Amino acid sequence: VNTETAPGERESSDVNQYEYSGIQERHGFIPKWLWAVYGAMGLWMVYYLVVYWTDKG
Amino acid sequence: VSSVDTARERSDIVDREVVLRFLLSAAFWLVFAPTIGVILSIKFNYFDFLGNIPWLTWGRLRPVHVMGVIFGAFTTAIIGLTYYMVPRLCGIPMYKEGWSRAILWLWNISLTAALLSLPLGQNLGIEAGEFPTWANIPVEIIFILITIQVLVTIIRRKEKKIYVTLWYLSAAYVWTVFNYAFGHFLLPFSMPGVNNAAMHGLYIHYVVGLWITPAGLAVIYYFLPLAAQRPLYSHKLSLVGFWSLAFFYPFVGTHHYIYSPIPYWTQTVAIVASMMLIIPVWTVTQNFYGTFVGHWKRFQESYTAKFLIVGALFYFLGCFQGSTEALRGMQKLTHFTDFVIAHSHLTVFGTFILWVTAGMYYVIPRLSGRELYSKNLAQWHYWLTVLGFSLMASVLTLQGLLQGTMLEMGADFVNSMVAMKPYWLIRTLAGVTMDIGAVLGMWNFYQTVMQGRKIEGPAGSVAPAAGRYPEPQWT
């Protein structure tokens, strides 16, 4: 298994090996753009619930 | 299967015979159920096609297609892959392996009888929950038995950590034990009126979101790092993806009934939950593509990788379509149009059928100890599937938007149907293309087990990480 980091990927030594399946996984991280998506979706959720909780006709 | 050396390696923890028999059963259902879909699509072009035979009418055959894809094609493959993935992730054989052999026969017999009963007019009347009660009893028992097998195997595991595949699989089985009972034993016999419709919305989306989705994700999380020959990109993203799915999906179902008499606030909650599914979908998509970035060579070399990655693309597109489709403005435009059919096919076929197919490309050569029978057949399978399905998804999406716009502009409903005729013809041609691809692919699997060139090394030895045994090519 190739554990070299890809271009733009953070260096990480915390690779976990699953012995019987041969699968490896990095502990990894959450990219900044996904944090932005989480934040935007959270704000939108609050807005939509407040505005559209009842039918205003 | 009979040509396979079924004497298992002592060190092997996977029951090869059961897995291969399940996957070859799935290969049959993967051809059968889509073929019924093609026959149904022809009825759009020629309204009288097979219309004089009661058991081949639209109303009788559509449930065969829907139930055949969900429980025949997808679920049969998932059960087979469960019996492969769980022991390998736990480091021990499946709990009560003898049950698996009984389940193999009980499952296929029940499924065949249930699918035959639908054209004969037996139907519970719950969409995606249409099997008659006598067939639902063995199916429910099977789900309970497999759930026990999975959970006990996980509890007794030798592997210290529980990989993300096991989270999704155990959750999918537990959720489905309850949801299957809910949809088949409670819903058809209680809660009349609009409450039943609301609960049906939950049931049908639990089939999609709490069975097909987590079971499918379990498959790609298992096979993607192996196919890429790379570590999974991020355990943290796996956590976010799993828990956000588990949190938001239970509220999604009522979005089937926007603008209905169901309380407004419940519709709003369903819309919000549908949109919030962007979080798990984009998260796991990042995890999948992050695993592959910089190592696209494996995409050329491995049919497992090809089907997984293309399926992940359709997953991203189909789920975004589904989330936005729940918004009131989009519902107004697309409800009762083929846009909805585009969405269901993008997710169920474009994503999850492709992912289990990828799993079959990985497992069948390894467990049979044989090389893939024909690279050419695999190539045809891949391209006919991808091109046929891309055409089908595009044309259904386009015609849905077109039909919705016509109706919004006040067009007569019949005229909107007439305008769809050329698109329906293209849809049928696309379906035939996909079906030919499926026949070639499944024949390739069957021939691999029967006549594939033997791989040097112990049959069924699967040690890709250790690299002790030669790996089959193109998988």
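Student: Leaving aside its neighbours within four places in sequence, with which residues is B:G400 in contact?

Tutor: This is a predicted model, and the place of B:G400 in it is in helix α14 of chain B, which covers residues 375-408. Once neighbours within four places in sequence are left aside, the residues that have heavy atoms within 4.5 Å of B:G400 are B:T337, B:D338 and B:F339.

Student: Is B:G400 buried or exposed?

Tutor: The relative accessible area of B:G400 is 0%, and the cut-off for a buried residue is under 20%. Because its value falls under that cut-off, B:G400 counts as buried.

Student: What separates the C-alpha atoms of B:G400 and B:M420?

Tutor: Along the chain, B:G400 and B:M420 are 20 residues apart.

Student: At which angle do the axes of helix α2 and helix α13 of chain B cross?

Tutor: Two packed helices are described by the angle between their axes and the distance between the axes. For α2 (residues 58-90) and α13 (residues 338-368) of chain B, the axes come within 10 Å, and the crossing is left-handed. The angle at which these axes cross is roughly 35 degrees.

Student: How do the residues of the contact of α2(B) with α13(B) divide into nonpolar, polar and charged?

Tutor: On the side of α2(B), the residues that take part include B:F74, B:I78 and B:L81, while those of α13(B) include B:F352, B:V356 and B:G359. Taken over the contact of the two helices, the residues divide into 15 nonpolar, three polar and no charged.

Student: Which residues does B:I364 contact, leaving aside its neighbours within four places in sequence?

Tutor: B:I364 lies in helix α13 of chain B and, at 1% relative accessibility, counts as buried. The C-alpha atoms of B:I364 and B:V414 are separated by 49 Å, although the two residues are 50 residues apart along the chain. With neighbours within four places left aside, the contacts of B:I364 are B:L20, B:L23, B:F445, B:T448 and B:V449.

Student: What is phi of B:F336?

Tutor: Most residues other than glycine have a negative phi. B:F336, whose place is in the loop between α12 (328-334) and α13 of chain B, is exposed, with a relative accessible area of 72%. Its phi has a positive value, near 65 degrees.

Student: Is B:W474 buried, partly exposed or exposed?

Tutor: B:W474 is in the segment after α16 (421-451) of chain B, and its phi is also positive, near 65 degrees. Its relative accessible area is 30%, whereas buried means under 20% and exposed means over 50%. Because the value lies in between, B:W474 is partly exposed.

Student: How many disulfides does a search of the whole structure find?

Tutor: Among the cysteines of chain B, B:C90 is buried, with a relative accessible area of 0%, and B:C319 also counts as buried, at 16% relative accessibility. A disulfide would need a pair of cysteine sulfur atoms within 2.5 Å, and over all chains the number found is zero.

Student: In which order do the elements of chain A run from the N terminus on?

Tutor: Chain A has 57 residues, of which 32% count as buried, and exposes about 3,700 Å², with 60% of that area supplied by carbon and sulfur atoms. There are one helix and two strands in this chain, and from the N terminus on the order is β-β-α.

Technical notes:
Residues are numbered from 1 along each chain as its sequence is written. Chains are lettered from A and ligands numbered from 1 in the order in which they are written. This is a predicted model: local features need pLDDT of at least 70, side-chain atom pairs count only at pLDDT 80 or more; totals for chains, interfaces and linings use all residues. Side-chain values use heavy atoms; hydrogens and water are left out. Axes are lines fitted to C-alpha atoms, for helices over the stretch in contact, and angles run from 0 to 180 degrees between N-to-C directions. Helices (H or I, at least four residues) and strands (E, at least two) are DSSP runs, numbered from the N terminus. A crossing is left-handed if the near helix is turned anticlockwise from the far one by less than a right angle, and right-handed if clockwise. Ala, Val, Leu, Ile, Met, Phe, Trp, Tyr, Cys and Pro count as nonpolar, Asp, Glu, Lys and Arg as charged, and the others, Gly among them, as polar. Buried means under 20% relative accessible area, exposed over 50%, partly exposed in between (1.4 Å probe, protein chains only). Accessible areas come from the Shrake-Rupley method with a 1.4 Å probe; for residues, only the protein chains shown count as cover.
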